[in-house]
Amino acid sequence: MSDPMPEPETDTPPEPAEPAGPAPLGVVRTPTGSAEVDGLLERLADADHLAADGHTEVYEDVHRGLREALSALDAGPAPAPGPPVPVPPYNHRS
C-alpha cells in the first residue's frame with residue numbers, strides 16, 4: 001500500500017475567513033393593537049442591520065419604552081377634563 005502524497009508546504013498562511021455581516025433574524029412580530037407597543041416592537045428590526053455589539057442599545061431602548069408603557073397602565077387613566085367640581089362649604093359647628 002502506498003502512502004498518500006503529502007501536501008506541498010507554503011510560506012504564506014491561509015487568509016482568514018471574513019466575518020459574516022449582519023443578517024436579519026426573520027423574527028415575526030405580531031401586532032398587539034397598541035400603536036405605541038407595536039412601534040417599539042418594530043424598532044427591534046433595527047438590530048437586524050447592526051453588528052452584535054450594536055444590539056444592546058436597541059434592546060435597551062425598546063425595553064425602556066415597554067416599561068414606560070406598562071407603568072402608564074398602572075397609573076390609570078388621566079382625569080377627564082371638565083369644569084371643576086364644587087366643594088361644599090364646611091358648615092360643621094361643634
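This is a predicted model: local features need pLDDT of at least 70, side-chain atom pairs count only at pLDDT 80 or more; totals for chains, interfaces and linings use all residues.
The protein chain contains two helices and zero strands. Of its 94 residues, 12% count as buried. The chain exposes about 8,900 Å², and carbon and sulfur atoms supply 60% of that area. Among contacts with a separation of 6 or more, 36% join residues 24 or more positions apart.

Helix H2 covers residues 55-75, 21 residues in total, and its first and last C-alpha atoms lie 30 Å apart, close to the 30 Å expected at 1.5 Å a residue. The buried residues in H2 are His55, Val58, Val62, Gly65 and Ala69. Viewed down the helix axis, these buried residues fall within an arc of 110 degrees, so they line one face of H2. The buried residues of H2 pack against H1, while the face turned away from the buried side carries the exposed residues Glu57, Glu68, Asp74 and Ala75. After H2 comes glycine 76, which has a positive phi near 85 degrees.

The structure holds four salt bridges. Arginine 43 takes part in a salt bridge with aspartate 46, with the closest N and O atoms 2.7 Å apart, and in another with aspartate 61, at 2.6 Å from N to O. Arginine 43 lies in helix H1 and aspartate 61 in helix H2, so this second pair ties together parts that are 18 residues apart in sequence. Arg43, Asp46, Asp61 and Arg64 are linked in a network of salt bridges.

Glutamate 42 is partly exposed, with a relative accessible area of 46%, and arginine 29 is partly exposed at 25%. Beyond its neighbours within four places in sequence, arginine 29 contacts Leu41, Glu42, Leu44 and Ala45. A polar atom of the arginine 29 side chain lies 3.4 Å from the backbone oxygen of leucine 41. The C-alpha atoms of arginine 29 and leucine 44 are 9.1 Å apart, although 15 residues separate the two along the chain.

Technical notes
Residues are numbered from 1 along each chain as its sequence is written. Side-chain values use heavy atoms; hydrogens and water are left out. Buried means under 20% relative accessible area, exposed over 50%, partly exposed in between (1.4 Å probe, protein chains only). Contact means heavy atoms within 4.5 Å. A polar contact is a pair of N or O atoms within 3.5 Å; within protein, one must be able to donate a hydrogen and the other to accept it, and residues adjacent in sequence count only if both atoms are side-chain atoms. Helices (H or I, at least four residues) and strands (E, at least two) are DSSP runs, numbered from the N terminus. The expected span of a helix is 1.5 Å times one less than its number of residues. The arc is that of the directions from the helix axis to the C-beta atoms. Accessible areas come from the Shrake-Rupley method with a 1.4 Å probe; for residues, only the protein chains shown count as cover. A salt bridge is a side-chain nitrogen of Lys or Arg within 4 Å of a carboxyl oxygen of Asp or Glu.
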